[in-house]
Amino acid sequence: MPIALKKPIPVECIRYKPDGSNVGEIMNFTCGSMRSINDSRIILLRTPSGLAACYPGDWVLKASTYDCYPVTDAQFQQTYTLQDED
């Protein structure tokens, strides 16, 4: 049986700092498709599947369709490799 490898697809990403200090950067990165929950540091991202929670330390990925998704740091470290910016 043949084996297939998933093609690498570059995605833009930003880490939500563990201290929650870069909410403004996340807002700009997501083009405003997020909101914070009251005074907590949890932010909600609008995804095609509905709202998804993003916690300090998580990563926000932007697909080629400009949809944004939260990913835990553990999942990010296992799945992605940061590339140097040109």
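**Fold, sheet and pocket**

Mentor: The protein has two helices and six strands, where helices (H or I, at least four residues) and strands (E, at least two) are DSSP runs numbered from the N terminus. This is a predicted model, in which local features need pLDDT of at least 70 and side-chain atom pairs count only at pLDDT 80 or more, while totals for chains, interfaces and linings use all residues. Residues are numbered from 1 along each chain as its sequence is written, and side-chain values use heavy atoms, with hydrogens and water left out.

Trainee: In what order do the three strands of the open sheet stand?

Mentor: Two strands pair if DSSP finds at least two bridges between them. Four bridges join β1 to β5 (residues 59–62), and four bridges join β5 to β6. The pairing is antiparallel, and the order of the open sheet is β1-β5-β6.

Trainee: Why is one side of β1 and of β6 left without a neighbour in the sheet?

Mentor: β1 (12–15) and β6 (68–71) each have a single partner strand, so one side of each has no neighbour in the sheet. In other words, both stand at the edges.

Trainee: Which residue of β5 is the bridge partner of Arg-15?

Mentor: Along the antiparallel pair of β1 and β5, Glu-12 stands opposite Lys-62. For Arg-15, the bridge partner in β5 is Trp-59.

Trainee: Are the residues on the two faces of β5 buried or exposed?

Mentor: Buried means under 20% relative accessible area, exposed over 50% and partly exposed in between, with a 1.4 Å probe and protein chains only. Trp-59 and Leu-61 lie on one side of β5, with Val-60 and Lys-62 on the other, and all of them are buried.

Trainee: Which residue in the turn between β5 and β6 has a positive phi?

Mentor: β5 and β6 form a hairpin with five residues between them. The phi in question is about 70°, and the residue in the turn is Tyr-66.

Trainee: How much space lies in the largest pocket?

Mentor: On a 1 Å grid over the protein atoms alone, a pocket is an open set of points with protein on both sides within 12 Å along at least five of seven lines, and lining residues have an atom within 4 Å of a point. The largest pocket is lined by 21 residues, with Ile-9, Pro-10, Val-11, Tyr-80 and Thr-81 nearest its centre. Its volume, taken as the space filled by probe spheres set on the points, which are joined across faces, edges and corners, is about 730 Å³.

Key:
On a 1 Å grid over the protein atoms alone, a cavity is a set of points where a 1.4 Å probe fits but cannot get out, and a pocket is an open set with protein on both sides within 12 Å along at least five of seven lines; lining residues have an atom within 4 Å of a point.
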